[in-house]
Amino acid sequence: MTDLELLAALPATGETGVVVNDWERTETALGVTFPAAFKRFLDMFGGAKFDDFLRVYRAGADNENVDLVSRTKEVGEKFFEIRPHIGELLAQRGVEPAQLVRWGGTDNADACFLIPHPDPRMWAVLVVEGRGNDYDLFEGPVESYLLSVLQGEIVSEVFPDDFPDEAPSYERNPRI
């Protein structure tokens, strides 16, 4: 099974059905072409909330609080000015903070980003603590990072000790 399939096999509650993402509008608004793997991830988990803590945004959500474009554009320069080490990390990769895509967030204001790369297989995950300076950097797709955290293979520097739950699950909300 793929990591996406393993993630989908976790216990789930909520609505069933297709997650509708507006990829054309989102890619145009952000000036980016997303890797196919990320599109598959959001087409399965857009609007979902893992262990009642980590929300995955949706491309084209009516609710701007969970819309990928709105949440990405609201991250201002100040977010990175108070975390110069993140700016340095991005500079080493040839990426500006404005190029990051915010794909999710937590109830603690932690921000989950994609770091773009010209090679779609080389996109990375960056999770930044909302009220601190810690971060996780994962070289791979979102579903692999999230699955590794939920299975306890990665102990996040960002997330609290009680995340994930002993029996991770998620709530589907494809129309949020």
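Predicted model: local features only at pLDDT ≥ 70, side-chain atom pairs only at ≥ 80, totals over all residues.
Local features rest on pLDDT of at least 70 and side-chain atom pairs on pLDDT 80 or more, whereas totals for chains, interfaces and linings use all residues. Residues are numbered from 1 along each chain as its sequence is written, and side-chain values use heavy atoms, with hydrogens and water left out.

The protein chain contains seven helices and eight strands, these being DSSP runs numbered from the N terminus (helices H or I, at least four residues; strands E, at least two). Its C-alpha trace spans about 40 × 35 × 30 Å along the principal axes.

Helix α3 (residues 36-45) and helix α7 (residues 142-150) have axes that come within 9 Å and cross at roughly 55°, where axes are lines fitted to C-alpha atoms over the stretch in contact and angles run from 0 to 180 degrees between N-to-C directions. The two helices, α3 and α7, are therefore oblique to each other; angles under 35 degrees count as roughly parallel, over 145 as roughly antiparallel, 65 to 115 as roughly perpendicular and the rest as oblique. Ala37, Phe38 and Phe41 of α3 make the contact with Val142, Glu143 and Leu146 of α7 (heavy atoms within 4.5 Å).

The largest pocket holds about 300 Å³ of space; a pocket is an open set of points on a 1 Å grid over the protein atoms alone, where a 1.4 Å probe fits, with protein on both sides within 12 Å along at least five of seven lines, and lining residues have an atom within 4 Å of a point. Of its 17 lining residues, Thr72, Pro97, Ala98, Gln99 and Leu100 are the closest to the centre, and α2 (23-30), α4 (68-74) and α5 (77-81) each supply at least two residues of the lining. The second largest pocket has about 160 Å³ of space, and its lining includes Val149, Gly152, Phe163 and Pro164.

The last two of these residues are joined by a cis peptide bond, from Phe163 to Pro164, with omega near 5°, and Pro164 is found in the loop between α7 and β8 (170-172). In the loop between β2 (49-50) and β3 (54-56) lies Asp51, a residue other than glycine whose phi is positive, near 50°.

Technical notes: Points joined across faces, edges and corners; volume = space filled by probe spheres on them.
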